[in-house]
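I'll jot things down as I look them up.

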Amino acid sequence: MGCVSSNLLNNEDDFTQIGSSAFTHHIVSLTSTTYGLLNLDPPPSSATITTPPPRFTLGSIFPTPLCDTPETINSWELMSGLDTESFRFLKKDNPNSNFTFKPLKDPNFKQTPHPLDRFEKLCPPNGENRVVIYTTTLRGIRETFDACNGVRAAIGGFGVSICERDVSMDRGFREELRDLMKGKEKEKQMGLPRVFVKGRYIGGKDEVMKIVEEGLMSELLNGLPKKKVGDVCDGCGDVRFLPCFSCNGSSKLVMVIKEELRGMQGRRVVVKCPDCNENGLMLCPICA
């Protein structure tokens, strides 16, 4: 049978019990891989031998045999007769081109508006990319003082850097806020604080607290500069004001006017210091 473990009988061996049929058969050593596969008994004469069904191959479906060597297709020969210029996107500034590219737009698509879009565009000076809060540190009106502290703490909890402008420390901030709110509210009813985010007017304490409760404040402050925990200005300690370096906080300077008449000495005149505000303070050059 061609098996490695099969041994053909030698004619010189003496197998008297087997007889003459010993030379027409051979012995096969069966292993576990041949059990159930080898049948030595001849089939009965009356049994009908069934022919196994033909194998299902791809060649029986497709007329062209897949086992043949694949044909090499030259794409350049196929495209030799095509107009390649028609497949190029011509530039819009080309005078000989009438092609205009129009992006596909879904008429049913509606872009979600940004939360800042519902607020009025009203930008304080240098407030395009920051949070500007007009507050006061005076305790004369307890309710206003507590409202300023509450808004400062609520926005500061998101870790962003806040530009706080104290109207009680600088008259210029008070005039600045008055110009921004002109025509929006009556001056007598204009309370503090007033919050501006990215050039948008957010409102006072009630509006800010409502936004925080709705969970929209993080979206409004997204992308603004962050402030590290424990980071304090080395110049002013986050007070944002320093005594004037020119007048030492007196907001006054003494100038000498020279007079050449009759050999008299110069006359001394007291003038307002141009480097500080009415309180003799100047903005911190580091953090302001």
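These notes go from the overall layout to the cores, the rings and a surface patch.

**Ground rules.** This is a predicted model, so I keep in mind that local features need pLDDT of at least 70 and side-chain atom pairs count only at pLDDT 80 or more, while totals for chains, interfaces and linings use all residues. Residues are numbered from 1 along each chain as its sequence is written, and side-chain values use heavy atoms, with hydrogens and water left out.

**Layout.** I looked up the elements and got five helices and nine strands. Both are DSSP runs, numbered from the N terminus: helices are H or I with at least four residues, strands are E with at least two. Starting at the N terminus, I read the order as α-β-β-α-β-α-β-β-α-α-β-β-β-β.

**Contacts and surface.** I took contact to mean heavy atoms within 4.5 Å. Among contacts with a separation of 6 or more, 64% are between residues 24 or more positions apart. The protein exposes about 22900 Å², and carbon and sulfur atoms supply 54% of that; the areas come from the Shrake-Rupley method with a 1.4 Å probe, and for residues only the protein chains shown count as cover.

**Cores.** Of the 288 residues, 23% are buried (buried is under 20% relative accessible area, exposed over 50%, partly exposed in between; 1.4 Å probe, protein chains only). A nonpolar core is a set of buried Ala, Val, Leu, Ile, Met, Phe, Trp, Tyr and Cys residues joined through side-chain atoms within 4.5 Å. Which residues touch the most other members of the largest one? I noted Val 131, Ile 155, Val 195, Val 197, Ile 202 and Leu 221, out of 17 residues. The elements giving two or more residues to this core include β2 (131–135), α2 (142–156) and β4 (194–197). A second, separate core has 13 residues, including Leu 122, Cys 163, Phe 173 and Leu 180.

**Rings.** I searched the whole structure and found three aromatic pairs. One of them, Phe 196 with Tyr 201, is tilted, at 5.2 Å centre to centre and 45° between the planes. Rings of Phe, Tyr and Trp (its six-membered ring) pair if their centres lie within 6.5 Å; planes under 30 degrees apart are stacked, over 60 edge-to-face, the rest tilted. Phe 196 counts as buried because its relative accessibility is 0%, and Tyr 201 is buried at 13%. Ring pairs also link Tyr 134 with Phe 196 and Tyr 201 into a cluster.

**Outside.** Is Ile 73 buried or exposed? At 64% relative accessibility, Ile 73 counts as exposed, and I placed Ile 73 in the segment before α1 (75–78).
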